[in-house]
Amino acid sequence: MIPDTFIQDLKSSCDIENIVSSYVKLTRKGKNLVGLCPFHSEKTGSFFIYPQTQSFYCFGCGAGGDVITFLKRIENLEYIEAVKLLAQKSGVPIPEDTMDDKTVRQKARTLEINRETARFYHRCLISEQGKAAYQYFINRGRTPKIIRHFGLGYAPDDWNSLRDHLKSKGFKEEDIENSGICVRSKKGGLYDRFRGRVIFPIIDLRGNVVGFGGRSLGDREPKYLNSSDTPVFKKSKNLFALNFAKSSKAKSLILAEGYMDVIAIHQAGFDNAVATLGTSLTEEQARLIAQYTDTVIIAYDSDGAGQTATKRAINIFSEVGVKVNILSIPGAKDPDEFLQKYGPQRFELLLEGCTNALEFEISKIRKKYDVETPDGKVGFLKEFSRLMAGIRNPLEREVYLTQMANELGIAPAAITAQVENIQKSQKKAQARKEKNDTSIYIGDLAAGRGDMQRKRNLRIAIAEERIIGILMKNPDYLSYLVTKIEPQQFVTDVNRELITTISQHIQSNRSIEPMALSGELSEEAMKRLSGILASEESQRAQRNELDDYIQVVRDGISAKSQEDITKMDDQELKGYFDSLAVRKK
């Protein structure tokens, strides 16, 4: 367990605004700050930072907690790892003897195994047994220098070569299996996941090998195989070559479809290319890209699937505020083939002449309608007007609108009127959404929407949460509160966890600030606490309300019907009878 004294020292040395602002663009809103939530897609900011409590809360998705909770979620870390990262960012020395944690040790062991695996695969590639694999890369135009730069490798076409190598290095079978690099068969044996494939190590932003991609050299399916998700690797949250591209001097990032495209682009001198890991672009990957650039050039394959993926990616990037340009690749199916045919200089001209996402969308709408006919022209203009209504820059909108009006022989004022009507409707809808997002009250906590137990006992749960809110502002009320109701009498599990932990901290003279509680509370409880602290009711908590809320909880306990009791599971039933016993005392 990490000492409270260290947590308090760490807290006094950092500011949640400084930490979060390196991931999220924040703007001042009164005494708080607001930005677009990094944990779900939104166009209007509902993600709030509260400097007074050093906490955050999203009114849209319910994410919430302290700065450690934030780092845990955005960096996919365990609690102790997040503390270490925060200490590193804040320049606070951390006592190593407090950092003993099984999960952290397992992650560290997996990273060791991955590093040794990458070395093994690379040695195999440049050895005699990897001759055909090495020649594959050479035939594809890859140079020995770029092969070393990316640490490319080869997995021998047998079942146990990697497993045996790792065991010879002292790694246990359990750790090898947990790393995902080897798989347990139905008969109980452990065998290599990658066999007869060229290997692409996947490296995270800290320089750790977190996973691998493998391409078969023969007819083996699937053609591409990626590491399974492990404690150190999530396909949806990583990007191939971002460890190199993040340091590029280029102002934009190039998003390609596959490993070979990215390697080809880097070899040609463009070190700002990345790729998704065998999956379509995810929201997490888009938000990751948004941390390093505000402009991305999509260089997907020119086939139908690539164009469909491009349109989907445009929508995802739009949600996170990243500007999109589209790379047209004439005479080739992908960047790799284009570079081999025409070279880096022609590719640079493509980059300079790439079209923006708006022109791409207009061209897609054009293909749907025959504008030479009245019906086709009307259909096109309706979709075109909806597209124009979404453009924030009035000058850009006017340029495209005027150009299209002249091209179709339509008065610009007619299209403008249509666009303005659409914008008015959208503005009204957005105003309603903003009102719902920012004027939240405890009864509609986003952090509690998925809690069926809370929904079944909503009136009692709201009273419990208001008691918690009052106690957080007035810890001296605890001695009075426990004469009326005990923490174990709270009906809902999450609220019971909160009131119990908070009460224990108050009784032992420990801090009840979110950062002091985050190490002991579950993620769901931290979200709920952040929602309570962010609610209007919590901001104006008064002592004279406390008795009313206590009575609601007590009445709710007594009012359990026979039907309610029969629906309880064993844990709920035990809690109910325990609460009755306490109340009788």
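Modeller: Gln-54 lies in the loop between strand 3 (47-50) and strand 4 (55-58), where strands are DSSP runs of E with at least two residues, helices are runs of H or I with at least four, and both are numbered from the N terminus. This is a predicted model, in which local features need pLDDT of at least 70 and side-chain atom pairs count only at pLDDT 80 or more, while totals for chains, interfaces and linings use all residues. Residues are numbered from 1 along each chain as its sequence is written, and side-chain values use heavy atoms, with hydrogens and water left out.

Although Gln-54 is not a glycine, its phi is positive, at about 50 degrees. With a relative accessible area of 10%, Gln-54 is buried, a word used here for under 20% relative accessible area, with exposed meaning over 50% and partly exposed the range in between (1.4 Å probe, protein chains only). Asn-76, in the loop between helix 3 (67-75) and helix 4, also has a positive phi, near 55 degrees, and is a residue other than glycine; its relative accessibility of 28% makes Asn-76 partly exposed.

Helix 4 itself (residues 79-90) has twelve residues and reaches 16 Å from its first C-alpha to its last, close to the 16 Å expected at 1.5 Å a residue; the expected span is 1.5 Å times one less than the number of residues. Nine of the twelve residues in helix 4 are buried, among them Tyr-79, Ile-80, Leu-85 and Leu-86. Just after helix 4, Gly-91 takes a positive phi of about 70 degrees.

Turning to the sheet, four strands form an open sheet in the order 6-9-10-11, with antiparallel pairing; two strands pair if DSSP finds at least two bridges between them. Strand 6 (153-155) and strand 11 (224-226) each have a single partner strand and stand at the edges, so one side of each has no neighbour in the sheet. From one strand to the next, the twist averages 35 degrees, with axes taken as lines fitted to C-alpha atoms (for helices over the stretch in contact) and angles running from 0 to 180 degrees between N-to-C directions. Inside the sheet, seven bridges join strand 9 (residues 197-203) to strand 10 (residues 209-216), and Phe-200 stands opposite Gly-213 in strand 10.

Helix 11 (residues 259-267) packs on this sheet and touches strand 9, strand 10 and strand 11, with a direction that makes about 70 degrees with that of strand 9; contact means heavy atoms within 4.5 Å. Helix 6 (residues 131-139) lies across strand 6, strand 9 and strand 10, and runs at about 70 degrees to strand 9. In the loop between strand 10 and strand 11 is Pro-222, and the peptide bond that joins Glu-221 and Pro-222 is cis, with omega about 0 degrees.

Next come the aromatic residues. A search of the whole structure finds 24 aromatic pairs, where rings of Phe, Tyr and Trp (its six-membered ring) pair if their centres lie within 6.5 Å, and planes under 30 degrees apart count as stacked, over 60 as edge-to-face and the rest as tilted. The rings of Phe-39 and Phe-47 are edge-to-face, with centres 6.4 Å apart and planes at 70 degrees, and both residues are buried. Phe-200 and Tyr-259, by contrast, are stacked, at 4.7 Å centre to centre and 10 degrees between the planes. Phe-200 lies in strand 9 and Tyr-259 in helix 11, so their pair ties together parts that are 59 residues apart in sequence. Phe-200 is buried, with a relative accessible area of 0%, and Tyr-259 counts as buried at 5%. Both residues belong to one aromatic cluster, which also includes Tyr-136, Phe-137 and Tyr-224.

Two arginines also lie over rings. Arg-195 lies over the face of Trp-159, at 4.0 Å from the ring centre, and Arg-346 over the face of Tyr-342, at 4.7 Å; a charge sits over a ring if NZ of Lys or CZ of Arg is within 6 Å of the ring centre and within 35 degrees of the ring normal.

As for the whole protein chain, it has 28 helices and 16 strands, and buried residues make up 51% of its 585 residues.
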